Amino acid sequence: MHTIINILEQILTNIVEICTILLELFGVAILVFTAIKCFWYWMKRDSRIRLELAQGIALSLEFKMGSEVLRTVVVREWGELGILGVIILLRSILTFLIHWEIKHEEKALALDNRDEQ
């Protein structure tokens, strides 16, 4: 019975590690795609650049935070859990600040569009 538990634990650890890497990869891909798209907006002098960049960063952070939460499944020591907790807290604060920035940027764009009409 002990051998079966060890095998299942190893399978779970491998699955979590693969999924964590995939989530990290998605977060990086979203951030790079957003950066390229926003660079194009910057070249065209498009006013949506700040909003698009903030939304891309927020989405990227959500994927990165998901990977950190998933990583807590296989943590073995309290020290590791504390470090992961701090990382999740910092990313949550960043996400909150970015969403706050998005709301203000959306209001500013709405006012600009209303003034142009």
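The largest nonpolar core of this predicted model has 7 residues: Leu51, Ala54, Ala58, Leu61, Ile98, Ile102 and Leu109. Two helices, helix 2 (49–71) and helix 3 (78–116), each supply at least two residues of this core. Helix 2 gives the most, with 4 residues. Leu51, one of the core residues, touches Ile102, Glu105, Glu106 and Leu109 when residues up to four places away in sequence are not counted. Of these contacts, Ile102 and Leu109 also belong to the core.

Aromatic contacts bring in helix 1. The model has 2 aromatic pairs. One of them joins Phe26 and Phe63 in an edge-to-face arrangement, with 6.0 Å centre to centre and 80° between the planes. The pair ties together parts that are 37 residues apart in sequence, because Phe26 lies in helix 1 and Phe63 in helix 2.

Helix 1 spans residues 2–43 and includes Ile15. Ile15 also contributes to a nonpolar surface patch of about 730 Å², together with Met1, Ile4, Ile5, Ile7, Leu8 and Ile11. The relative accessibility of Ile15 is 47%, so Ile15 counts as partly exposed.

Note on methods
Residues numbered from 1 in each chain as written. Predicted model: local features only at pLDDT ≥ 70, side-chain atom pairs only at ≥ 80, totals over all residues. Heavy atoms only, no water. Patch = residues over 30% accessible without salt bridge, like charges linked within 9 Å, V, L, I, M, F, W, Y side chains within 5 Å. Areas by Shrake-Rupley, 256 points an atom, 1.4 Å probe, with all protein chains shown as cover. Salt bridge = Lys/Arg side-chain N within 4 Å of Asp/Glu carboxyl O. Buried < 20%, exposed > 50% of the residue type's maximum accessible area, 1.4 Å probe, protein only. Core = buried A, V, L, I, M, F, W, Y, C linked by side-chain atoms within 4.5 Å. Contact = heavy atoms within 4.5 Å. Phe/Tyr/Trp six-rings, centres within 6.5 Å; stacked < 30°, edge-to-face > 60°.
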